Every structure is written in structure tokens, then in C-alpha cells.
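Hello,

Here is the structure we talked about handing over. Please have a look, and then read on below.

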Amino acid sequence: MTASRLQVAASEFELAPNPGTEADLRTGAKACDVVGPLKTTVLLLDDGSTRVCLITTHFGPSTPVNVSELFRRSIADELGLPTSHVLFMSSHNHCSVAFAGNGVLMYESYSRDNIPPAELLPIGAQFLQMLRTHARQLAERLQPATVWWSEAHEDRITYNRKGRRSDGTTYLMREEDRLLLGEDFAGDIDPKAPVIVFRDMANHPIAALIQFTGHPVTSYHPERMIIFGEWPQIACDVLAEHLQAEPALSAPATRPANVPVGFMQGCAGNVNSRQMLSGDVGRSTEFGQMLGDRCIAALKQLKRSEREGLDCVVEPIGLPLGPLPPRQTLADEITEMDDFIRRARSGDEDTLSCAGLNFARALSPPFRARLVELVRPWTAWALDLYEAGADTSVEKQLEMDVSVLRIGDVGIVGMPCEPFQEIGLRIREDSPLPISIPCGYTNVSHGYIPDSANLGDAEYMSSHHRYTRFRPPLAAPAGDVLADAALRILKDFAGNT
């Protein structure tokens, strides 16, 4: 096998929070049970002119901006990189914990101005210490590596969770809603599961990445939180065990102790794993085994990258923002919200919808009230602007960074949000590289970002601006701008190799 100018080193660690650890600072939920540790991989890539560190973790679901920036700066210092070349990617696992007591979500702050330094909780401090320790060792462990890729197909785990009623309105399709459409209903999903394997010069696997599109919420119960890596972590473990067991072509002493496998979450803004609020650890484990087995089967079709080297571009992108909803609409929603909150707090089981949002019966009425309390401040803010005659003074653009990598033939697009899958599908289909992998949940989260076709609806994902502090609704072409930018950069990469 010929030498490669790409060098790779990888490491993996696991960390188990204690029961009672803060799980969701917005709702006050704490971890009730710890099923197992959550794993993190650290992958260092270097082609002699460009160096990138990719951190993939099953902690999540959304990393606060002050926490992410602390972690990324720390690793950049350890490895001598610009912070922009450290990507922190979450599987968006909801069965997780908070890292800081003062974490600020990007969509709750709108800009990076005046964000306080992260005050790490004990679990966050432990995580950072382990992250730095593992990253510190990677530079001296870099070795020449080749890049191999394939694509698995898995259509049994996820479903499109944006439902449409006969009157044209939309709703968040919970599991009970999905079952009304049939046991096997999936709707429009992205079933591709790319697999990237890095091999040393003796053809041994030294690390791998997989990607799949779907919220990992099969074990998620927000009122009785467990800590568990969900099916993405199980799938990584299944593939890692298989790669580690590959027959050795040289002395066993040259083989690594394990093969770290990282998970990159796709554009899952409108895609769920099945059995949200009704599943359990056993079912999630089954899903992980299913995905892992499909990834193993895809290894038979691995292709070696024909391109060499590494590219990385991080580019600021502006998404257009539109006007506020009509004043009367906002006033009516405030009235509806206040009535809903009052009834839900009193235990009314019929509190299942409010201002376009819908809730599962699996959630208690007081918890439903809390979810509406999270969106009321935005509506009140918008109404106050009208009353002050300042409704046209709102921001006109949402700025975010898009990170685009090329690793040999493989393109990876990291977006700091929860993109709708239509954005990812366009990147996959129109990229000039042999394979391009669209990923959300990179570094920070600006919340749900729909494509232009999904604008204007009131269900949870499409109207997520109501959870921000404070951002107007997106305007066309909305998240299509992300795909446009990513494809332009990927085309530049393809033309330069």
C-alpha cells in the first residue's frame, strides 16, 4: 500500500454522571437513573498543511455556547490549532446531562455578546479534564492513514415527525400519532448511513465515523430522565467491536487497544427515532444493533478515497429573517397560552394543544404548562414591540458559521443548528464529491432551521423562533442558504484536488 500524506490519530473515553445530576436546566429535570457511561471520541487529522480536530460525543442534546467555546478553545490550545478547526459534534442524545449551571443556548442568546464564562458543574469539569488529557496525546500518535467510505441503508428506526392535517395545518407527530398512520409508517426520511474508516499502512482500522439522521429519543422520558447513550452509541459500539476483531495482517502488538468510532448526527430537525416517550433502553438498544449491523454490512463495499489531503473552511452565513406575526395574532396567542397554562397547572388532561403546539398524553399537564411557559416570553416580547411602535426594528439576518471539511473523497458539512432533512438531502445529492455528509448539532445550536418549503407553519420545529431570546421568524430561502454555501465550498474543494 502506498504512503498517504494524511495522518490520523484517535482516542475515546467514557464518563458516567451520578444520579441527581442536572439534566435539563430549562425544566429543572435531574437524572433519575444512570444506565451506563456516555462516550466521546477525539479524532485528529493532519495532512502537513491543515490540521483539524473532530470531537464527537453522546453528551447532548445541545451544547451551550459558553460551554462549547470553553471546550473548543481548550483543545485548540492543547493541539496548536485555531479554534475554528476544532469541531464539537453531538449525537443530540436527550438522555444526557448539563455541563454548566449557567449554560447559555445559542438560540436563547441570539448573539455572542455579553455571554458569561461557563461555570462548569462537576460533570462538566470532569469532561473537560478527560477531553484535554486525550487530545494532548494525539499529536505524538499521528500516523499515515488511508480513507475508506461506504453507505449503509437503514429505514426501520426513524420517521418524519412533521405531520400535516387535512386542513393544511401541521403538528409534531408523536408516537401515538405515528401509529394512527400504521405500525410501519415512516414518511419521508433519509435512510443513508455513511461509514468512514481510517486504516493504517498495514490496512488495520484505526478509527471510524458513522452518520445517520434522526433524533435519538427512543429512551427519552423528560419527567423521569435516564442517562444512556441511546441507539447512536450502541451502533458505534457494535461497529467498533467488529472492526477491532478484524484479522491482523501484522504482529498483534502493532494493533490499537480499541478502534474509536464517532457518531455524526444528520439533519434531524424533522426526523425522530420511533417510540418517543413510549420506548425504553431495550428498544433503543435494538435500534442501535440494527444500525450497527447495517454499517458492518456496508464494510463489504468500502471504497478507498482517490483524493489525498485535507481541506477545512469555516464561513459565516447570513439567514434572512422576516417580519413579526400580526399584532392580533400575538394577542390571541397570549390569551390562549395563559388559559392553557392555568388549566394545565390545575391538572386538566385535555391540555393537548396550544398556539399551534401539541403535546403527548405521556407528559403530565404541569409539564405541558412548563413547555408553553418557555414560548410565552417571545410572544410577549413581540407584542411589546408593536405597542412601542418598534415592530419593524427587528433584526433582518441570523448569522451562523458553517464548517466544511474534505477528507480525501469525503465531504463533511457541520451546521450549528437543527437543520431540516431537506437541507441535508440537497447537500448529499448535489455535492461534486463522491460522498458528502451533512451534519447538524455542530459546536452550538441556533435551534431548528427549516428549508424554505417548511416555512410558515406553527408546529414546534417550524416555529422554533418562539423559543429564542429574541429572534424574528426566518424568511425564504431560510435554511436553503446553508445548503447553497456548503455546496459552493464543496465545489471549490473538488476543483482544487
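Below are some notes on the chain as a whole and on one of its sheets.

This is a predicted model, in which local features need pLDDT of at least 70 and side-chain atom pairs count only at pLDDT 80 or more, while totals for chains, interfaces and linings use all residues. Residues are numbered from 1 along each chain as its sequence is written, and side-chain values use heavy atoms, with hydrogens and water left out.

The protein chain has 10 helices and 25 strands (DSSP runs numbered from the N terminus: H or I of at least four residues for helices, E of at least two for strands). Its radius of gyration is 22 Å, close to the 23 Å that the globule rule gives for 497 residues, so the chain is as compact as a globular protein of that length (taken over C-alpha atoms; the rule is 2.2 Å times the number of residues to the power 0.38). The C-alpha trace spans about 70 × 45 × 45 Å along its principal axes. Of the 497 residues, 60% count as buried, meaning under 20% relative accessible area with a 1.4 Å probe, protein chains only.

In an open sheet with mixed pairing, 5 strands follow the order 6-5-4-1-7; two strands pair if DSSP finds at least two bridges between them. Strand 6 (86–90) and strand 7 (143–144) are the edge strands, each pairing on one side only.

Best wishes

Terms used. Buried means under 20% relative accessible area, exposed over 50%, partly exposed in between (1.4 Å probe, protein chains only).
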